[in-house]
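Subject: A structure for you to look at

Hello,

Here is the structure I promised to pass on. Please open it alongside this message, and I will walk you through what turned up.

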Amino acid sequence: MDAPTTNGWLLARPEIDAEQVRDLAWAAFRVEGEVRELGSQQDRNFLFTPPTGRGALVKVNHPTVSEEAISLQVAISDRYREVGLSTPQVLSTVDGDRSVTVEVEGGATARVVAFAAVTGETLADVVQVDGALAEELGVLAARSVLALQNLDHPGADRKIQWELTHALEVVERLAADLPPDRRQSCRDAAAAAMSRIQELGDLPRQVVHGDLNCDNIMRDGQGTDWIVDLGDAARSWRVAEIAMVAADVLGRSGDLALVSRAVRGYAATAPLSDDEIDAVWPLVVLRGAVLAVSGWSQLRIDPDNAYARERIEHEWTVFERAASYDHREATAQLRLAAGRPHHRGGDYAPVLAGVGGAQIVDLGIRSRALDRGRWTSDSAELDLARAALEDRPVAVMRFGETRLSRTSSDTASPAATKSRVVDLWTRPGTAVHAPFSGAVTVGDGHVELSDAGVTLRLDGVAAQEDRDRDAVQGEVLGRVVPAGSGVGRVRVTRRMLGAQASPPFGAPGEEFETEGGADPSVIVGTASAPDPIVHLRRERKRRDRAMVGAAERYYRQPPQIERGWNTLLIDTEGRAYLDMVNNVTAIGHSHPRFADRVGRQLELLNTNSRFLYEAYADFVDSLLERSPDPSLDTVIPVNSGSEAVDLAIRLAQVATGRKDVIAVREGYHGWTMAADSVSTSAFDNPDALASRPDWVHLVDAPNPYRGTHRGHDSGPAYVQQVADLTAQLVQQGRTPAAFICEPVLGNAGGVVPPDGYLAGAYDALRAHGGLAIADEVQVGYGRLGRAFWGSAMQGAVPDIITVAKAAGNAYPIGAVITRREIVEALQKEGMFFSSAGGAPASAIAAATVLDVIRDEGLQENALRVGTHLITQVERLAKKHPIIGTVHGSGLYLGVELVRDRETLEPAAQETVWVCERLLELGIVMQATSERQNVLKVKPPLTLNVAEADAFVAALDTALTEVGNPAIIAR
């Protein structure tokens with residue numbers, strides 16, 4: 001057992017030389033590297049960071065820490081990792097032991113342990129406590145308890161100052177070190193808290209971490225949270241684990257609603273008895289008291305301990321805040337957070353008759369009831385409530401739900417969508433009952449019922465009596481007043497401890513539960529919705545684990561997008577964004593005609609291209625109606641743009657009997673082997689130029705703005721490059737099979753080649769029997785406005801066209817369009833079929849896209865709105881010299897940002913900042929080009945002029961701010 005010293009629990013850090021630790025670390029653990037000491041009250045922690053590889057934390061424990069206590073830490077570390085909790089592994093010595101001894105100054109012997117280092121920072125250093133984090137901490141505390149519940153270890157029965165069963169003794173022994181004006185209040189509060197715990201009888205005990213807080217949880221680069229510092233583990237009250245977390249949350253936030261969220265997370269994960277709930281607040285007070293007295297005592301015996309000095313006022317704050325609450329009232333809030341009535345020993349009476357069988361009205365982001373844009377109707381909630389009341393006496397709209405029905409289509413002005421209320425819909429005149437006994441306050445159209453710091457407000461109620469009074473549980477408080485269309489609505493809200501009422505709905509980024517807008521669901525008898533931020537953070541971690549670092553994504557902290565409508569994307573907080581990058585979704589998100597036709601086909605048949613069915617021929621006929629030349633008369637289905645390019649290259653090679661291909665620098669064509677071989681964008685592959693196979697030969701990107709040759713008359717110079725390279729290859733006996741190029745250089749930033757380039761390059765290759773491949777995956781399908789195909793806009797007819805992206809409106813279909821004799825050559829290498837691309841549903845998707853583009857005039861819209869956009873951005877360029885030029889045509893544009901219009905120095909850092917800022921302003925935007933200094937403007941073809949103006953206004957704001965060095969340096 002670790003015993004206290006004769007002075008109580010006053011343990012000065014062991015004195016040891018850093019060089020001695022360095023020598024010991026190498027001799028015992030083979031640990032070396034740069035050494036930095038970390039803060040601690042009673043131990044010494046040294047972080048070793050080697051030049052390469054993983055480092056280690058070497059901990060010199062206080063001499064009073066026994067070998068059994070070290071063994072306990074090892075056992076806990078092993079147990080955590082067994083059940084999937086992240087914690088540093090305890091390293092073995094060269095002799096296979098888990099610790100070694102060292103003599104410290106004064107002749108005492110201390111035990112030294114080494115842990116595998118965690119790369120990251122403590123939560124205290126990287127995040128502020130919010131409701132989502134508090135709930136996550138509660139879950140982590142519960143998982144810790146569950147992991148250790150059956151751990152039986154001889155070193156667990158330790159008498160250490162942080163173990164809360166000894167808290168009152170610690171306070172009484174060390175309180176004299178507090179400033180005089182703080183001593184008595186600390187003693188009195190600790191004594192009262194311990195007395196309350198003793199009244200509860202025998203609380204469950206087990207091994208606990210004993211110091212779970214934001215300082216002892218580290219977050220690594222992948223967002224994984226690691227439990228560190230196992231040195232205070234001991235057998236204690238099981239509930240002490242969540243009490244530690246609650247005290248930490250209280251100290252960092254001063255917000256009882258956040259403390260309640262921690263308890264809610266814990267209670268949803270691990271058992272929490274009524275006695276344990278009642279013990280939480282007294283334990284929070286005791287934890288604060290121990291922190292306070294220990295901090296001042298530590299400074300008295302170890303005045304040079306900067307770690308203790310920095311924390312001393314914070315630790316007093318934890319105690320002061322905890323002691324300021326009435327125990328009964330604080331516990332009432334925690335009981336509700338844990339899903340229990342705020343008083344022990346009874347349930348609530350129904351607020352409305354029939355509420356137990358109420359119909360839940362789904363207003364969430366994924367609600368089927370709000371499909372097809374029904375969420376945009378001002379009467380959406382009323383209409384759904386009326387429909388629900390046809391079958392049930394009560395309809396419920398939940399607390400915590402992000403209501404899509406309240407999302408604003410005005411992306412510049414996000415609406416408050418997070419419900420801090422429970423809405424109960426019923427017939428007017430229905431009696432409203434008191435769910436518990438308490439004091440009634442009557443207002444205009446509402447009544448309030450209060451008890452033990454819990455205040456329930458019921459709006460939409462005509463009071464039974466026009467006076468304040470006391471009411472007993474079940475008593476009629478009033479009757480529901482009409483809310484329109486023959487229905488009434490009781491809006492139920494809850495406040496904690498007299499807090500001011502919060503707005504009934506929170507905006508994106510705001511807390512969905514506050515002291516003035518707490519969850520009343522337990523009282524009402526309904527279920528609440530989960531906090532979308534908790535889910536968002538979980539999904540970010542799951543995505544990172546699933547796709548790891550090679551997967552590209554937009555933004556450092558991307559929103560979780562779960563619905564689209566036309567040009568809008570909507571996240572789980574109900575924030576709508578104007579989608580300015582989705583050329584994949586050409587006809588807009590969730591197009592009803594598209595959804596209907598594809599959905600119907602999925603109910604009929606979905607197979608592959610080996611079968612005979614009508615839909616594919618319909619798609620082919622429709623696509624060939626738009627063929628740029630009658631000779632291009634054959635269509636092969638594929639699954640994606642990458643596969644389309646891969647097949648196009650293979651067709652050219654087989655048809656010509658040659659292998660070599662000429663490609664353009666800064667191009668991107670896909671991820672399959674052949675498509676990647678001709679992709680040269682340094683952004684998509686930093687090693688692109690050096691890693692090309694020997695059958696790929698490059699010419700310069702025909703960029704008239706910043707290329708080798710500049711100006712709109714530079715076409716012949718770029719064509720000459722193609723001609724010269726072709727001639728060289730012919731002389732080497734490597735006559736090229738194909739030349740591949742995007743008609744508009746997409747990843748280069750929407751750059752339109754100079755006049756005559758494409759036709760001239762095609763002619764240069766065809767003179768030697770080569771084939772011209774136009775990669776229209778990004779820019780085809782009317783996106784450029786002036787023509788359906790980019791090659792046609794350039795006055796050129798390719799031999800092979802590749803399409804995807806827009807072809808299926810994000811459904812997995814692409815196509816290769818070419819001449820029949822080229823396809824027939826493929827028979828030399830076998831028969832072709834396509835699974836996803838050749839499926840009936842894919843064909844229906846592709847045919848529908850073409851029909852919608854035609855019927856809704858989307859190519860014409862692209863020209864009209866795109867021309868307007870170019871004009872407006874060029875107007876901005878007169879105000880913001882960072883705009884170098886505007887590339888592109890129609891709705892495939894690139895706004896190139898430069899630091900100097902003469903040198904064309906790319907404004908890459910500024911471009912990244914602008915994209916992040918535009919997201920805050922409600923615009924989804926992406927940087928492109930291998931210099932990452934071009935804003936890639938490629939929205940759905942349904943973008944209208946008003947939305948284009950909204951983008952321009954947001955861009956104006958962002959560019960104005962980016963011109964301020966103080967802003968961009970943040």
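A quick word on naming: helices (H or I, at least four residues) and strands (E, at least two) are DSSP runs, numbered from the N terminus. This is a predicted model, in which local features need pLDDT of at least 70 and side-chain atom pairs count only at pLDDT 80 or more, while totals for chains, interfaces and linings use all residues. Residues are numbered from 1 along each chain as its sequence is written, and side-chain values use heavy atoms, with hydrogens and water left out.

**A loop residue and the sheet beside it**

Glu 905 lies in the loop between E36 and H25. Its relative accessible area is 37%, so Glu 905 counts as partly exposed (buried means under 20% relative accessible area, exposed over 50%, and partly exposed in between, with a 1.4 Å probe and protein chains only). Leaving aside residues up to four places away in sequence, Glu 905 touches Val 898, Arg 899 and Asp 900; contact here means heavy atoms within 4.5 Å. Between Glu 905 and Gly 884 there are 9.7 Å from C-alpha to C-alpha, with the two 21 residues apart in sequence.

E36 belongs to an open sheet of 4 strands, ordered E35-E36-E39-E38, with antiparallel pairing. Two strands pair if DSSP finds at least two bridges between them. At the edges sit strand E35 (883-889) and strand E38 (926-928), each pairing on one side only. From one strand to the next, the twist averages 30°. E35 and strand E36 (residues 892-897) are joined in the antiparallel sense over 6 bridges, and Ser 889 stands opposite Tyr 892 in E36.

Two helices pack on this sheet. Helix H24 (residues 858-879) touches E35, E36 and strand E39 (934-937), and its direction makes about 175° with that of E35. Helix H25 (residues 908-920) touches E36, E38 and E39, and its direction makes about 40° with that of E39. For these angles, axes are lines fitted to C-alpha atoms, for helices over the stretch in contact, and angles run from 0 to 180 degrees between N-to-C directions.

**A hairpin**

Strand E16 (residues 438-443) pairs with two partners that I would like you to see. With strand E17 (residues 446-451), E16 pairs in the antiparallel sense over 5 bridges, and Thr 441 stands opposite Glu 448 in E17. E16 and E17 form a hairpin with 2 residues between them, and Gly 445 in the turn has a positive phi of about 80°. With strand E20 (residues 469-471), E16 pairs in the antiparallel sense over 3 bridges; here Gly 438 stands opposite Ala 471 in E20.

**Helix packing**

How do helix H8 (residues 256-267) and helix H11 (residues 327-337) pack? They meet at an angle of about 45°, with their axes 8 Å apart. That makes H8 oblique to H11 (angles under 35 degrees count as roughly parallel, over 145 as roughly antiparallel, 65 to 115 as roughly perpendicular and the rest as oblique). The crossing of H8 and H11 is right-handed; a crossing is left-handed if the near helix is turned anticlockwise from the far one by less than a right angle, and right-handed if clockwise. H8 contributes Leu 256, Val 259, Ser 260, Val 263 and Arg 264 to the contact, and H11 contributes Gln 333, Leu 334 and Ala 337.

H9 and H11 have axes that come within 9 Å and cross at roughly 130°, which makes H9 oblique to H11. H9 passes H11 in a right-handed crossing. On the H9 side the contact is made by Asp 274, Ile 277, Asp 278, Val 280, Trp 281 and Pro 282, and on the H11 side by His 327, Ala 330, Thr 331, Leu 334 and Arg 335.

The axes of helix H7 (residues 240-253) and helix H9 (residues 274-301) come within 8 Å, crossing at roughly 65°, and this crossing is right-handed.

**One more loop residue**

Thr 526 is placed in the loop between helix H13 (521-524) and helix H14 (532-547). Thr 526 is buried, with a relative accessible area of 17%. Its contacts, again not counting residues up to four places away in sequence, are Val 355, Val 396, Val 422 and Ser 521.
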